[in-house]
Amino acid sequence: MWHRSIRNRLVSLLAAAILCVPALAQAQTQTEVSFYYPVAVGGPITKIIDGLAADFERENPGIKLKPIYSGSYQDSITKALTAVKSGEPPVTSILLSTDMFTLIDEDAIQPFDDLIKSPEDKAWLKSFYPAFMENSQTGGKTWGIPFQRSTIVLYYNKEMFKEAGLDPNRPPATWKEMTEYAQKLTKRDASGKVTQWGVQIPSSGFPYWLFQALAIQNGGILMNAAGTQTFYDKPEVIGALQYWVDLVKKYKVHPEGIVEWGTTPKDFFEKKVAMVWTTTGNLTNFKTNARMDFGVAMLPAGKQRGSPTGGGNFYLFKKSTPAQRDAAFKFIKWVTTPQRAAQWGIDTGYVAVRADAWATPVMKQYVEGFPPAAVARDQLPYAKAELSTHDNQRVTKALNDGLQAALTGTKTPEQAMKDAQAQSERILRTYRR
Amino acid sequence: MSRLTQWVYGWLLLLPAMALLALFTHYPALANLWHSFQSTPKGGQPAVFVGLENYQQLVDDPIFWQALSNNLWYAIGTIPVSMALALLMAVWVNDRIPGRGILRLAFFTPTILPMIAVANIWLFFYTPEYGLLEQFTGAFGLPSHNWLGSKSTALGALMVVTVWKEAGFFMIFYLAALQSMSPHLGDAAAIEGASRWYFFRRVTWPLLMPTTLFVLVNAVINAFRLVDHIVVMTRGGPDNATELLLFYIYEIGFRFWDSAYAAALTMVLLGILGIVALAQFFFLERKVHYQ
Amino acid sequence: MSATLNVYEPRGVGRVLETAGAWVLGVLWILPLLYAFWTAFHSPEFSTRLSLTAPLTLANFVTAWHAAPFARYFLNTVLLVSMVLAAQLVLTTLAAYALARFEFPGRNVLFALVLVQLMVMPDVLIVENYRTMAALGLKDTIAGIGLPYMASAFGIFLLRQTFKGVPRELDEAARVEGCTPLQVLWKVYVPLARPTYLAYALVSVSYHWNNFLWPLIITNSVEARPVTVGLQVFSSTDQGIDWSIITAATLLTTAPLLVAFLLFQRQFVQSFMRAGIR
């Protein structure tokens, strides 16, 4: 009796072990690729990412993708670095292109160059727009692959234009025009309270991005290519800030105080403002939710046209196994094929990151039916690299604080920028040694 | 029980709790002091001893002084107001006015909500142009105002949120104290011809002192501990107008990853809390002798 | 609740004024919450327009529930709160018993050390505790969130006071019957301290349910994230705020506590009151 129970136990153990083998085998051949991704625009982004992951897994049965939504760009870089420091980094992630220096300094990422060996891969790398590669390469190496990239565009309410006697098909092309239009578009009620603002440029969270557009348009640059020096107190930069402050204080066509990034599209939909500056990544959001005729235009020119690029790149983290690394690289290449880059651009409004994506039939058709989709791309020749330095979060905070001080009226633009530059100098000094 | 048995039992019973306390309160406080004298390890470079350099950076940092000043104003703005409101609410609820059950509910509900949820609701409330507050003030013909987006009102706006959340909590303690007061006291005072205000000032208030002290300590701790609403509503802006000390520590430590500077900042916070603890201790001593 | 009429209660005009004042304050106080309810139960077009004929809808809640893994977040929070409470009850009982009823050298010093935590909470030592957790390998776990709080100075303080108030005769009687000190604890002290336990449990649960900053720092993945952090990640404002969905999500996360509070109002309030200082 005893022997039988032992024998039964052994048999069931063996059976269990045999049953486990396929699972084990599968576990061993399944490579898991985790990645953080932020969402900074309206729309069902999480659904789209999950859909992409599912499609990729179907085509590549040995790879398991694990997309992890991690909040805003700032939240995402925090989470990614937290994971790195706790010894469990993700395999890849979508993070701000400007986080490149910080990630390198924290020894968190590896360049893509070792993986880009074959002629197809080299051609693939060359296919991205140079404007987007500016924040993705340094020291002769490629650290990031563009994915959800953008420029700032001007959305305007065509119906309000008509009401104000402006040509709805002629958006403002210069600063002067934008000011004039905004003055015509700002409406006040009997008590003097504004019921409709002319123009609105968000200043919460990361005002430096929108400010950089103004700076570029005024002929200024904010930092050097090596990310070791900023130029916040140059006259062109101060002049750009002065213009923004004038819109608020002098021309009174722009809301006072800090304008919230997240509610700016809704402000537009609620007909509280006639023109807004925000990312092209919100385009599909506008298309879905704006219940009026609206137009999209390139940002007006100061001394020249311009906008910073924006958005996130794919980075490759260290400490992944070669299998994971290759799997991640495969996914990154897969999701940036012309077809998929085009589809991503259509689904969101982000600029499809390679020129041949715009030549695909589905994109051509989309642009024909919805011309605003091409505005951000057409602005690319005027686009410049986004503000990116070592210790990026701290250096941009110095600028953000200065911008907010000037916009709330507590400092003059000149004082605000001088203080910001002083702070930034203190931080970047150590990186120039 | 023999002396030895008492010793053994005493220490063993206390051991688990003390071990955890030591690990997560006493040790970190000391380790923090140690780390505040070192530099931040970065990439491949380890930390080195740098003496008072972090503290020098602290003294030179305008944002630190702003955060400190903000926190002190914040404490001054929220503590007396929430305590006074709490006392008022307790007196009213105690006075058996009609509907006091519902009132008690209305006053206490904000307390059980997470601060994060409260922050979301108030963020909506404060939205310029079409937030509820805007609609309110608009109905009264008052001009539009961006409460969270202007330096002069952002901190005040946050103070309102805090008072809203905390007052109900303190009310309960005052209510308990009021209800444990003997009604004979009132009868005796009334016989003597004391007015209501006189009764409150000379009898009720002194008897509420222990409660007031307890509430005060809680309020002070919360003024320095609770920064959840900043994360959601202003993120320290505009231009550091709502930067509080703990939030700054969080930013420095977990957004900029400058752990050494964060340690120095934490020492300042610990210092402040230490001073408050000592003050409370001395007050308590006096009160004990009083009775 | 006092049954006799407090002689100083207002009457007549004073009473009317006081009632009016109290009601105005009460309405003001509940207003933000009511507004949140309004927004959550109506579709986005009515979020800023308060027309009474607007149709009610549950769609926001459905969207919010599916937009983030709230089920998992709730599970995490429940696990966290239970784990912390269980540990706290055990640890504080033992420690309070030792401090209240045993004489041993260093007792006062240890009590003073315990009291330090009343002021210096784990919340302000985030940088160092994070380092400790990393060394213990507990980052991004529920245990990692709860561990710093398990030895609760507040609990020890309360229970010590309560235990000190237990008449020594009961203690001695049990001892005479041959109970060991631990049995005395279990049979005499614990049952008598039940109101304190209840009060403390309510305080602990609501504190840890609502805790945000430390869980934000220590957790990174969905598997460990409690509901407060989940709410913040979800309502991150960069993606264009849809207030209907965010208020729906907010109400979802607070619903359990709110419902529990509404049902057990009396006990809640009474135990908070009893937990107050004597």
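The crossing of α3(C) and α7(C) is right-handed (a crossing is called right-handed if the near helix is turned clockwise from the far one by less than a right angle, and left-handed if anticlockwise). In this predicted model, local features need pLDDT of at least 70 and side-chain atom pairs count only at pLDDT 80 or more, whereas totals for chains, interfaces and linings use all residues. Residues are numbered from 1 along each chain as its sequence is written, with chains lettered from A and ligands numbered from 1 in the order in which they are written.

Helix α3 of chain C covers residues 70-101 and helix α7 of chain C covers residues 153-164; helices (H or I, at least four residues) and strands (E, at least two) are DSSP runs, numbered from the N terminus. Their axes come within 8 Å and cross at roughly 50 degrees, where axes are lines fitted to C-alpha atoms, for helices over the stretch in contact, and angles run from 0 to 180 degrees between N-to-C directions. The two helices α3(C) and α7(C) are therefore oblique to each other (under 35 degrees counts as roughly parallel, over 145 as roughly antiparallel, 65 to 115 as roughly perpendicular and the rest as oblique). On the α3(C) side the contact includes C:Q88, C:T92 and C:Y97, and on the α7(C) side it includes C:I156, C:L159 and C:F163; two residues are in contact if their C-beta atoms, placed from the backbone, lie within 7 Å. The residues of this contact comprise 8 nonpolar, 4 polar and 3 charged (Ala, Val, Leu, Ile, Met, Phe, Trp, Tyr, Cys and Pro count as nonpolar, Asp, Glu, Lys and Arg as charged, and the others, Gly among them, as polar).

Chain C is also divided into domain 1 (13-63) and domain 2 (69-275), with bounds from an automatic or database domain assignment. The centres of the two domains, taken over C-alpha atoms, are separated by 32 Å. Between them, 11 residues of domain 1 of chain C are in contact with 9 residues of domain 2 of chain C. On the domain 1 side, α1(C) gives the largest share, 4 residues. That side divides into 5 nonpolar and 6 polar residues, with no charged ones.

Turning to the chain interfaces, 80 residues of chain B are in contact with 79 residues of chain C. Helix α1 (residues 3-35) of chain B gives the most to the chain B side, with 20 residues. By class, that side has 60 nonpolar, 13 polar and 7 charged residues. Chain B also meets chain A, with 23 residues of chain B in contact with 25 residues of chain A. Here the chain B side has 7 nonpolar, 10 polar and 6 charged residues.

Within chain B, the axes of helix α7 (residues 151-179) and helix α10 (residues 209-225) come within 10 Å and cross at roughly 165 degrees. That makes α7(B) roughly antiparallel to α10(B). The crossing of α7(B) and α10(B) is right-handed. Among the residues in contact are B:F170 and B:F173 of α7(B) and B:F214 and B:V215 of α10(B).

In chain A, strands β8 (residues 187-188) and β9 (residues 194-200) pair in the antiparallel sense over 2 bridges (strands pair if DSSP finds at least two bridges between them). A:R188 lies opposite A:V194 in β9(A). Their hairpin has 5 residues between the strands, and A:G192 takes a positive phi near 90 degrees there. β9(A) also pairs with strand β10 (residues 273-279) of chain A, in the parallel sense over 3 bridges. A:Q200 has A:V276 as its bridge partner in β10(A).
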